[in-house]
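Hi there,

Here is the structure I promised to pass on to you. Please have a look at it first, and then read my notes below.

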Amino acid sequence: MMGAVGYGVYTMALVELGSRFKGSVLVAGNAAFALMWGAGGIVGPPGAGLLMQGIGPLGLPVVIAGLDAVLVLFALYRSSVRRAS
């Protein structure tokens, strides 16, 4: 389930990227997206591990839920900004 959610976010983000941008901007956006995805892959596991050491096995679900909450809040913010303009 967690893998499906993680890769679903990745897939939907690429779909959004492709629907909004074209040409060289799309290539640059895809490169930036891949860079940030990779940085998250480097920083995320050690951060989750540290939290798991601090609070126990619930550390991983806490990290995932927190990151998902940030994603939802950002999506809601962007949606309200788009509606306002």
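Predicted model: local features only at pLDDT ≥ 70, side-chain atom pairs only at ≥ 80, totals over all residues.

Let me start with helix H2, which covers residues 23-55. With 33 residues at 1.5 Å each, H2 should span 48 Å, and its end C-alpha atoms lie 46 Å apart, so the two values agree. Along the way, H2 bends by about 30 degrees at valine 43, with proline 45 following within four residues. After H2 comes glycine 56, which has a positive phi, near 100 degrees.

The largest pocket has a volume of about 1,100 Å³. It is lined by 24 residues, and those closest to its centre are Val9, Trp37, Gly40, Leu67 and Asp68. Helix H1 (2-20), H2 and helix H3 (59-84) each contribute at least two residues to this lining. By class, the lining of the largest pocket is made up of 18 nonpolar, five polar and one charged residues.

The second largest pocket holds about 490 Å³ of space. Of its 14 lining residues, Met12, Ala13, Glu16, Arg20 and Leu71 are the closest to the centre. Here the elements giving two or more residues to the lining are H1 and H3. And how do the residues of this lining divide by class? Nine are nonpolar, one is polar and four are charged.

Happy to hear what you make of it!

Best wishes

Technical notes. Residues numbered from 1 in each chain as written. Heavy atoms only, no water. Expected span 1.5 Å × (residues − 1). Bend = angle between axes of the 7 residues up to and from the residue. 1 Å grid on protein atoms, 1.4 Å probe; cavity = no way out; pocket = protein on both sides within 12 Å on 5 of 7 lines; lining within 4 Å. Points joined across faces, edges and corners; volume = space filled by probe spheres on them. Nonpolar A, V, L, I, M, F, W, Y, C, P; charged D, E, K, R; others polar.
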